[in-house]
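Please keep the sequence and the coordinates at hand while reading.

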Amino acid sequence: MRNLVDFSSWQAVITTLLGLVVVTVLMVGIRLLVMETVQQRRNRENRQINERLRTLIAAYKTLGGSFTGELAVDPTHLRDLLAFPGGADTAAGEDLSVSVSFDRARRIRDAVEGALSDVILLGTEQQVLLAARAATDLVAGRPVHTDELVVSLRDFIRKVLDLEPVPTQLAIPKQGPTRPGGEGGGKGKGDTGGGDRAGTKQDGKGAGAGGGGAAGGGMGLGMGGGLAQDAPGDPGREAESSPLEHRD
């Protein structure tokens, strides 16, 4: 330090100032580098937390979106229906109500399987255990209830978001998997949309034709009315003109 700070001459003063500038620049550079590294790590952690939280919230909505009705996940597959007598006829669509019910249960099961996979990947230890047990029950063909996993996800999400915990005295009903809104799949929706567009085009053409017909009808009525007025000996015309003549 004594050699660094020397004010005995102008050359020493300049050397001292240059040394202080170099040391200051190095310290500021090191500080900026450390701050940038810490900021990048914090941003990466925030992105990971946000992605994890977004995935778990989606899983919570899928696993706990229903409060009424059948809250258990039906693990039945199409091969299980085909194993019973008459199952092939049902799968072929002869019994429409059973076929629609099975399709709805199948879509619920597929959504629950995807949500369980996400929970196993990004959930806590307790959530992974509950999700693994539910997946094991699905593989074994047993109905699955997701209420315990939903409660664990709800508590974890509220804790991460710094929300107050759900009051213990609040009796929340058991929650089950979300039921699909429509009865048709994605392809059916696309086909329906195409049919609607085609029907709209046909309706447009029909409306245009109807409009032309109406215009033609209007022209016909107008011409007919004119001819009727010009025709001699029209009773309606005589009936209309007789009061006026009487008044005159």
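**Helix packing in the predicted model**

Within helix 1, the buried residues are Ala12, Val13, Thr16, Gly19, Leu53, Thr55, Leu56, Ala59 and Leu63. The model is a predicted one, and in it helix 1 covers residues 10-63. Its 54 residues should span 80 Å at 1.5 Å a residue, and because the end C-alpha atoms lie 78 Å apart, the span agrees with that expectation.

Helix 1 packs against helix 6, which comprises residues 147-160. The angle between the two is about 145°, and their axes are 10 Å apart. The crossing of this pair is left-handed. On the side of helix 1, the contact involves Ile49, Arg52, Leu53, Leu56, Ile57, Ala59, Tyr60 and Leu63; helix 6 contributes Leu149, Val150, Leu153, Arg154, Phe156, Ile157 and Val160. Classified by residue type, this contact of helix 1 with helix 6 holds 13 nonpolar residues, two charged residues and no polar ones. Leu53, Leu56, Ala59 and Leu63 of helix 1 are among the residues listed as buried.

Helix 6 itself has 14 residues and reaches 20 Å from its first C-alpha to its last, close to the 20 Å expected at 1.5 Å a residue. Which residues of helix 6 are buried? They are Asp147, Leu149, Val150, Ser152, Leu153, Arg154, Phe156 and Ile157. Just after helix 6, aspartate 162 adopts a positive phi of about 60°.

A further partner of helix 6 is helix 5, which spans residues 125-140. These two helices pack at about 155°, with their axes 9 Å apart. Angles over 145 degrees count as roughly antiparallel, and helix 5 and helix 6 are therefore roughly antiparallel to each other. Their crossing is left-handed. Gln126, Gln127, Leu130, Ala131 and Arg133 of helix 5 meet Glu148, Leu149, Ser152, Leu153 and Phe156 of helix 6. The contact of helix 5 with helix 6 divides into five nonpolar, three polar and two charged residues.

Of the 248 residues in the chain, 19% are buried. Among contacts in the chain with a separation of 6 or more, 73% join residues 24 or more positions apart.

Conventions
Residues numbered from 1 in each chain as written. Predicted model: local features only at pLDDT ≥ 70, side-chain atom pairs only at ≥ 80, totals over all residues. Heavy atoms only, no water. Axes fitted to C-alpha atoms, helices over the stretch in contact; angles between N-to-C directions. Helix = DSSP H or I, 4+ residues; strand = E, 2+ residues; numbered from the N terminus. Left-handed = near helix turned anticlockwise from the far one by under 90°. Contact = heavy atoms within 4.5 Å. Nonpolar A, V, L, I, M, F, W, Y, C, P; charged D, E, K, R; others polar. Expected span 1.5 Å × (residues − 1). Buried < 20%, exposed > 50% of the residue type's maximum accessible area, 1.4 Å probe, protein only. Parallel < 35°, antiparallel > 145°, perpendicular 65-115°, else oblique.
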